[in-house]
Amino acid sequence: MSIVVTAATGALGRLVVEELLERVPADRVAVVVRNEEKAADLAARGVDVRVADYDDPAALAAAFRAGDRVLLISGNEIGRRVAQHTAVLGAAQAAGVAQLAYTGIRGGPEADFDLAAEHTATEQAILDSGIPYTFLRNGWYHENYTRNLPTVLGHGAVVASSGEGRVASAARADYAAAAAVVLTTEGHLNRVYELSGDTAWSLTEYTAEVSAQSGKEIAYTEVPADEHLSILTGAGVPEDFAAILVDVDAAIARGRLAHTSGDLSRLIGRPTTPVAEAIGAALA
């Protein structure tokens, strides 16, 4: 039996693999990747590298073994994810895997914003498959904001359309640790975890923290949704994706990403990473 991580050379997948290697021998870990070269360092450490693509059902058929515990990390091609996830699910079902953990989005079927729709459909397909599952409904990542800090510092402003809505975000590494826990310990089959940071914050508070740590005065500029969309597309963001980002901001304004269930900190056995710490790391 192996613990298998799909999309293992991505930002989240890499962190999950490192967490697993802290917990189990390398020969118990397998990764499913599109590009074998990107996983060469993992192979050198004794990890089983299996090459397959979410868009290649034939290759996926050989990616899993009976009894495997599998982490399906959601694809990043919005609009294609249901078909891709269904292909992975079919291969896992045919192989007879023992557990399929899936990284969805906080709120599950109750999440009423566009980005959640494909996650909801995937969760339903997993339920219909009969495979023992674990739903890891990840909230927002700190990195969704901190990766934009060079632009924020350059313009002296955080621009958004989420009002004073609050975000209970956590570090990507926190979510990776949770995934490793449910794959290496017992008691998680057919369970749903609503994962989020311990503390919800507003962009006003976030901007004040960026100002304090950077020593530069940063403003929070709230704009209407249509103006926000124009700003994003003007900066080169594809219109379809820009519309999704604006829709997420509307969800934040409605409080959809503010929930602090405590599931994440309980799973990982420690407090979640504060957003101030993530800001400091990004500015270092």
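Guide: Helices (H or I, at least four residues) and strands (E, at least two) are DSSP runs, numbered from the N terminus. This is a predicted model, in which local features need pLDDT of at least 70 and side-chain atom pairs count only at pLDDT 80 or more, while totals for chains, interfaces and linings use all residues. Residues are numbered from 1 along each chain as its sequence is written, and side-chain values use heavy atoms, with hydrogens and water left out.

The part to look at closely is helix 11, which runs over residues 239-253. Helix 11 has 15 residues and reaches 21 Å from its first C-alpha to its last, close to the 21 Å expected at 1.5 Å a residue, where the expected span is 1.5 Å times one less than the number of residues. Ala242, Ile244, Val246, Asp247, Val248, Asp249, Ala251 and Ile252 of this helix are buried, a word that stands for under 20% relative accessible area, with exposed meaning over 50% and partly exposed in between (1.4 Å probe, protein chains only). The cover over these buried residues includes helix 6 (143-146), strand 7 (157-160), strand 8 (166-167) and helix 10 (225-234). After helix 11 comes Gly255, whose phi is positive, near 85°.

One of the covering elements, helix 6, holds Thr146, and Thr146 counts as buried because its relative accessibility is 8%. Leaving out residues up to four places away in sequence, Thr146 touches Tyr206, Ala278, Ile279 and Ala282, where contact means heavy atoms within 4.5 Å.
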